[in-house]
Amino acid sequence: MTEDEKIDALKSALPDGAWTQDVDIIEPHLSEWRDKYFGKTPLMLTPRTTEECSQAVKICAKHKIAVMPQGGNTGLVGGNTPQGEVLISLKKMTKIREINPTSNNMIVEAGAILQNVLDAADEANRKFPMTLSSQGSCTVGGVLSTNAGGNHVLKYGTTKELVFGVEAVLPNGDIFNGLTNLRKDNTGYDLNRLFLGAEGTLGIITAASLKLYPKPAYVQRALIGLDSVATAVSLLEDFRAGGRLAMFEVMPSIGYRAVVDNFDAVRDPFDAPYDWYLLCDWEVDSEEEGAALAESILGKAFEAEKVLDAVIAQNETQAEEILSIREHMSAGQKFLGGSVKHDITVPIDKIPEFFKLADAKCQEVAPGCRPVGFGHFGDGNIHYNVAQPKDADKETFLEKWDDLSQPIFDIIDELGGSISAEHGIGIMKREDLAERADPTKIWLLKAIKNAIDPDRIMNPRVMI
């Protein structure tokens with residue numbers, strides 16, 4: 001049977017509306033938002049239920065047709081851009097099936113937009129603590145498949161800590177039902193976690209049971225001007241005393257200015273510029289407690305001459321304005337020209353050393369380049385991006401991607417960090433993982449993949 005005949009067999013077996021070859025409909029699904037990866041597919045499937053997804057995968061398994069699942073198409077490592085595979089978009093599976101305030105969980109389908117999930121939890125007087133810059137377009141399935149982190153990992157953990165269980169379609173089309181709200185279930189391997197961070201290589205997540213938390217009565221937000229990365233790290237211990245610190249985000253001046261100077265809707269609340277900026281949230285029981293806590297903690301930091309300036313949000317509007325600076329940090333870098341991106345983790349106490357070593361190495365490789373390191377310093381996750389020198393040719397600079405990345409990865413290895421924090425491996429870091437990971441780990445990854453997907457039809461180019 002030819003490839004075209006296999007595709008025809010797939011189409012004929014599926015119900016109307018579950019597939020399309022319309023190029024205008026498919027086209028937005030074939031490019032990554034930052035224009036690094038572009039793809040192609042002979043067919044896009046859009047199942048409306050888990051059963052339809054199962055039926056489609058069974059046919060693909062029978063004919064050994066490779067598939068690539070896709071959520072909101074906000075991935076950053078090439079793991080969601082098809083290169084000839086059948087594309088399975090979960091965008092029609094958006095239902096919030098259940099919210100249970102007693103057991104503090106909600107069951108949602110994989111195509112649900114994260115913002116809609118956050119809103120539904122809020123309406124039930126609960127909090128789902130996963131916030132990302134892309135939450136208005138990313139989907140639950142994509143968030144789980146990449147084990148996303150976000151701004152609240154410091155207090156609530158990564159996605160793996162926020163999921164009770166998943167429902168997934170396996171490579172042979174069978175349905176694994178791990179949906180539960182049990183906090184204790186000691187009946188063998190934790191199969192649910194196999195699918196979290198697997199990037200669609202072991203199955204297609206179609207629904208998940210998510211953990212909910214009591215909604216904090218008040219969130220006190222502050223934006224702080226600092227002189228160095230080392231100062232930011234030194235403040236972490238004092239800021240998180242009492243377990244109320246929920247967000248600890250650090251931004252460099254170059255990234256901060258790229259946002260406030262280029263987005264009309266974003267306002268700089270400071271009268272003077274600073275080398276570094278710290279954005280933090282404390283979750284407290286009242287507005288009065290929040291104000292008192294922030295004033296106490298920041299007062300001590302001022303006395304220790306660690307803080308140069310600070311803005312304590314006085315209302316929700318000001319809090320949103322402050323947060324918008326961090327949320328625009330990735331988009332703002334487009335105004336700096338070409339940028340070599342890194343999503344990495346290092347031990348928190350090694351963050352200042354990482355910046356010292358990495359910044360020096362970047363200047364050695366690409367003199368005049370402009371490092372932009374920002375992110376979730378409270379959990380050691382740094383988005384270490386390197387912008388082109390001013391007036392440099394963008395494409396010429398981007399040709400140095402590997403020349404810049406490999407020595408940075410060497411530094412990360414030396415410091416005991418990770419070359420991938422929350423964006424995944426995809427195809428961008430597949431070879432780096434193979435070369436740098438412990439051989440036993442690679443053997444185990446391959447053994448699991450081969451056991452569950454022996455014909456390698458499920459996202460076959462990704463991760464391993």
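In H3, I find Thr50, Glu52, Cys53, Ser54, Ala56, Val57, Ile59, Cys60 and Ala61 buried. I note at the outset that the model is predicted.

**Entry 1. Helix H3.** I looked up the extent of H3 and found that the helix runs over residues 50-62, 13 residues in total. From the first C-alpha to the last, H3 reaches 18 Å, close to the 18 Å expected at 1.5 Å a residue. I then checked the backbone just after H3, where lysine 64 takes a positive phi of about 55°.

**Entry 2. Cysteines.** I searched for disulfides and recorded 0 in the structure. How far is the sulfur of cysteine 369 from the closest cysteine sulfur? The distance is 4.8 Å, to cysteine 362, which is too far for a bond. A disulfide would need the two sulfur atoms within 2.5 Å. I also looked up the accessibility of two cysteines. Cysteine 369 counts as buried, at 4% relative accessibility. Cysteine 280 is buried as well, with a relative accessible area of 0%.

**Entry 3. Salt bridge within H1.** My search of the whole structure gave 22 salt bridges. I began with aspartate 8 and lysine 11, whose side chains meet at 3.5 Å, N to O. Both residues lie in helix H1 (residues 3-13), 3 residues apart, about one turn of the helix. An α-helix has 3.6 residues a turn, so residues three or four places apart point the same way. Are the two partners buried or exposed? Aspartate 8 is partly exposed at 42% relative accessible area, whereas lysine 11 is buried at 16%.

**Entry 4. Salt bridges between distant parts of the chain.** I next took aspartate 122 and lysine 215, which form a salt bridge with their closest N and O atoms 3.0 Å apart. This pair links distant parts of the chain, 93 residues apart: aspartate 122 sits in helix H4 (residues 114-123), and lysine 215 in the loop between strand E11 (213-214) and strand E12 (218-226). Aspartate 122 is partly exposed, at 39% relative accessible area, and lysine 215 is partly exposed at 34%.

I then examined arginine 193 and glutamate 161, whose side chains meet in a salt bridge at 3.7 Å, N to O. The partners are 32 residues apart and again link distant parts of the chain. Arginine 193 lies in the loop between strand E9 (175-177) and strand E10 (204-211), and glutamate 161 in the loop between helix H6 (153-156) and strand E8 (163-169). I recorded arginine 193 as partly exposed at 35% and glutamate 161 as partly exposed at 32%.

Finally, I noted that salt bridges with shared partners join Arg97, Glu109 and Glu167 into one network.

Technical notes:
Residues numbered from 1 in each chain as written. Predicted model: local features only at pLDDT ≥ 70, side-chain atom pairs only at ≥ 80, totals over all residues. Heavy atoms only, no water. Helix = DSSP H or I, 4+ residues; strand = E, 2+ residues; numbered from the N terminus. Expected span 1.5 Å × (residues − 1). Buried < 20%, exposed > 50% of the residue type's maximum accessible area, 1.4 Å probe, protein only. Salt bridge = Lys/Arg side-chain N within 4 Å of Asp/Glu carboxyl O.
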